Amino acid sequence: MCEPLDQHLNPDEIELWALGLLPAARALHLAECAACLTAAERERKLFRELAQLERFAPSAGFVDRVIARVQIPARTV
Amino acid sequence: MLRTYDRFVAPPRDTATSNAGDGVIGAKDRPSNLTGASDQDVVASAVRGHETAFRELVRRYERPVFSLLYRMVRDRALAEDLAQETFIKVLNGLASYRPEFKFSSWIFKVANNVAIDQLRKRGVDTVSMDGAPDATTPDARAASALQLSGHGEDPLQEVEARELGTAIERAIGRLRPEYRRCIVLRHVEGHSYDEIAQMLDLPLGTVKTYIHRARNELRGYLEDRRA
């Protein structure tokens, strides 16, 4: 079913647009609606900031400390 | 025989293959026969008793799991203890892993349960660097805030302050724990809403609501700061 061009984007559609996944037919609404465009751009900005967050690393030797406490079964192959 | 843990959880239902650890591990650190192997294949190798496979699973997930826990408890040493506990539970329970389920969903589910247990033990709903969101006076807010800088910090605290001190990290720290874990899993780890619902044992609609509210709060915190 086609959405009318003048129907505002819902939150799911704004997320899809921010991720570059909104179908072009719905994205056309943004050219006509300043409110939706502002909301969508704010969402995209936040997504970019979140995506740039660091993946922290545990301290050196973490793997060895875990393996020392794991019960590794006897090899079968 | 492997031990069974009381907090052990069944892997969530999912069929996809994870590449969560790809890009985290240097190729030189990987056993050559496991390079590029799916999580399911690595697990199968571990169950057959190959220590290198156990190590590979830890290498693939140490950063994502530790990062989630660090953002939840906001204490590096505690997050590392909880990450160890997560891996030990998962790796000692590998014999019951079902390969049709996504390994990453399972390990994040265990990590989430470990974090919840810890937060319950501490008896706090949230840990905020800016003070409790429900504090009604500036003094109450200051009293409940984690100190990010100032005299008397040891080097480890200074590292934590730097790592978690950016505006976006501070904003995340002000979220309720359930919002925080959802937003990290969605926007930092890149999991789908369905996967997050499985990991956290929440209805899909609840996950969507939490994430939408979390984003609104984050935007509000960041805009307040910019203003």
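**View 1. Buried residues of helix 8 of chain B in a predicted model**. Y179(B), R180(B), R181(B), C182(B), I183(B), V184(B), L185(B), R186(B) and H187(B) are buried in this helix. Buried means that 20 or more other C-beta atoms, placed from the backbone, lie within 10 Å of a residue's own. Helices are DSSP runs of H or I, at least four residues, numbered from the N terminus. Because nine of its 12 residues are buried, helix 8 of chain B is largely enclosed by the rest of the structure. Just after the helix, G190(B) takes a positive phi of about 75°.

In this predicted model, local features need pLDDT of at least 70 and side-chain atom pairs count only at pLDDT 80 or more, while totals for chains, interfaces and linings use all residues. Residues are numbered from 1 along each chain as its sequence is written, and chains are lettered from A in the order in which they are written.

**View 2. The largest nonpolar core**. Such a core joins buried Ala, Val, Leu, Ile, Met, Phe, Trp, Tyr and Cys residues through C-beta atoms within 7 Å. This one has 54 residues; L69(B), I107(B), A111(B) and C182(B) touch the most other members. Helix 2 of chain B gives the most, with 12 residues. Domain 1 (11-124) and domain 2 (131-227) of chain B both contribute, so the core lies between them. Domain bounds come from an automatic or database assignment.

**View 3. Where chain B touches chain A**. Here 32 residues of chain B are in contact (C-beta atoms, placed from the backbone, within 7 Å) with 27 residues of chain A. Helix 2 of chain B supplies the largest share of chain B's side, 11 residues.

Conventions. Helices (H or I, at least four residues) and strands (E, at least two) are DSSP runs, numbered from the N terminus. Two residues are in contact if their C-beta atoms, placed from the backbone, lie within 7 Å.
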